[in-house]
Amino acid sequence: MTIRRIVDLLRHGQPDDTVTIQGWVRTKREQKEFTFVEVNDGSAMAGLQVVLNQDLPDYAEVIKILNTGASVKVAGILVVSPAKGQRIELRADTVTVYGDADPETYPLQKKRHSFEFLRTIGHLRSRTNTLGAVFRVRNACSTAIHNFFQERGFLWVHTPIITASDCEGAGELFTVTSLDLGSVPKTKTGDIDFEQDFFGRRAYLTVSGQLEAEILAMAFTNVYTFGPTFRAENSNTSRHLAEFWMVEPEMAFCDLDGNIELAEAFLKYVFQYVLETCPEDMEFFNQRIDDSVLATADNIINNEFAQITYTDAIALLEKADRTFEFPVSWGLDLQSEHERYLAEVQFKKPVIVTDYPTQIKAFYMRLNDNGKTVRAMDILAPKIGEIVGGSQREERLDVLERRIDAQGMPKESLWWYLDLRRYGTVPHAGFGLGFERLVQFMTGMTNIRDVIPFPRTPLSAEF
Ligand code: ATP
Ligand code: MN
């Protein structure tokens, strides 16, 4: 007998169908002659109502252990449900209990739990409505991302997780070592001798796959990465994780305008896909988490994003009728409060900010003719702030070398990156999208720790 997914039965099950399901009990309601049990297998927000009649074999014992959290297999017949809000229910013929869950100690009660509490039970929280919906939407987002790029002929490439290039976010890197931390080898000058380490040099967890993606774009034209990245950021914010997933397309023969076009089409596509494939979950977020979730999705899909240069954005912020905690002036990086003001108050939709000052952006961004700004673009979203960071890359060898020197970076370790400008260089561009920020934006979840199954943050790596 095949096991049916509950989502399929809820959508397509017909009265008189003989079916078997498996799942976990969400609720139990005992009546005089029968008991209702709601069984959920994670395939949908709703569970299937199972009706156990008192003439089932071992009825009394089965009912006693079928408490919230218990795992069961139920075989029976679908019938039209007389109850409101559900089309069908399952009249049980046989019930097998795999494992019970002591109601005295099972941490998930019927009442609403805070997300803070749920984080302390990371091994059980996926069984709740909200986390269940989040992880189904997360799955749909991943699928949409691959579909989007695959439909456009992008190659999915796997960039390394362990890397020796430390040129991106200095200070935010986790070191990877197999040295004995109890007796670390030292050089004559007293520094740690990484030559004796596993790779013969110091290695890190990657903060971005971009530099390697550029290598592959110079062979395959259009590529993307979608994998984990790591940042030892000690900022305990609701938008930063130490381990998060990033989507990074990289396109050869592409300038900043092409990059912006792709990013906007990409976000529209992903929102559309999730609305189509997870309507109940999105409805739930709109009702229970943030009542602007559906309007936001509609806004993303149907309206053009706003676009403004950094210089004009600063002018707007300087004129804003509010005082910001952090100062605003040309040359300073935008803080989250500035980003949110632009997206939430000024434009009321995602806004693409371009052409940032050279000093606050990475060395690889293409220098504008004015010498002061670079071809960068960040997409700022209401409530989230920066969700995408991208740029056209510097493809001119001499300019790139000057930028590297100006930042005091070691050119030797970037020899291969410079080689790409020596051999068949082309204009190219790409961006990085924080996957968890996208899921946050889509679901209205306020804390990034609640959109990844096992969040890694300062002082927290349980589960
Ligand atoms: P922020 O200023 O918000 O820290 P960033 O400038 O460090 O972002 P980038 O280096 O441009 O970000 O990374 C690309 C994208 O990755 C960002 O737009 C954001 O969506 C996401 N991102 C960056 N850091 C984190 C983090 N610690 N946790 C989750 N997502 C992140
Ligand atoms: Mn950062």
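# Ligand site, cores and selected residues of a predicted model

An oxygen atom of ligand 1 lies 2.8 Å from an N or O atom in the side chain of Glu386, a polar contact (a pair of N or O atoms within 3.5 Å; within protein, one must be able to donate a hydrogen and the other to accept it, and residues adjacent in sequence count only if both atoms are side-chain atoms). This is a predicted model, in which local features need pLDDT of at least 70, side-chain atom pairs count only at pLDDT 80 or more, and totals for chains, interfaces and linings use all residues. Residues are numbered from 1 along each chain as its sequence is written, chains are lettered from A and ligands numbered from 1 in the order in which they are written, and side-chain values use heavy atoms, with hydrogens and water left out.

**Ligand 1**

- His240 has a side-chain N or O atom 2.7 Å from an oxygen atom of ligand 1, and for a polar side-chain atom of Arg231 the distance to a ligand oxygen is 2.9 Å.
- Taken alone, ligand 1 exposes 580 Å², of which the protein buries 80%; accessible areas come from the Shrake-Rupley method with a 1.4 Å probe, and for residues only the protein chains shown count as cover.
- Strand 11 (243–252), strand 15 and strand 16 (428–434) each give two or more residues to the shell around the ligand, and the largest share, four residues, comes from strand 15.
- Helices (H or I, at least four residues) and strands (E, at least two) are DSSP runs, numbered from the N terminus.
- Of the 15 residues around ligand 1, those that come nearest are Glu233, His240, Leu241, Glu386 and Arg437; a residue counts as near if one of its heavy atoms lies within 4 Å.

**Nonpolar cores**

- The largest nonpolar core has 65 residues, among which Phe266 and Leu438 touch the most other members.
- Helix 4 (residues 129–151) supplies the largest share of this core, 11 residues.
- A second, separate core of 32 residues includes Leu367, Val399, Leu400 and Leu414.
- Such a core is a set of buried Ala, Val, Leu, Ile, Met, Phe, Trp, Tyr and Cys residues joined through side-chain atoms within 4.5 Å, where buried means under 20% relative accessible area, exposed over 50%, and partly exposed in between (1.4 Å probe, protein chains only).
- Beyond its neighbours within four places in sequence, Leu438 is in contact with Cys141, Ile145, Leu267, Val270, Phe271, Ile387 and Leu433; contact means heavy atoms within 4.5 Å.

**Cysteines**

- The whole structure contains zero disulfides, a disulfide being a pair of cysteine sulfur atoms within 2.5 Å.
- Cys141 is too far from any partner for a bond, because the closest cysteine sulfur, in Cys278, is 8.0 Å from its own.
- Cys141 is buried at 0% relative accessibility, and Cys254 is buried at 11%.

**Helix 10**

- In helix 10 (residues 336–346), the residues His338, Glu339, Tyr341, Leu342 and Ala343 are buried.
- Their cover includes helix 9 (310–319), strand 13 (351–357), strand 14 (373–381) and strand 15 (385–392).
- Lys348, which follows helix 10, has a positive phi near 55 degrees.

- Trp24 belongs to strand 1 (residues 18–30) and is partly exposed, at 39% relative accessible area.
- Trp24 and Asp41 are 17 residues apart in sequence, with their C-alpha atoms 6.2 Å apart.
- Asp41 also joins Ser43 through a side-chain polar contact of 2.5 Å.
- Ser43, in the loop between strand 2 (34–40) and strand 3 (48–53), is buried at 14%.
- A polar side-chain atom of Ser43 lies 3.0 Å from the backbone nitrogen of Val7.
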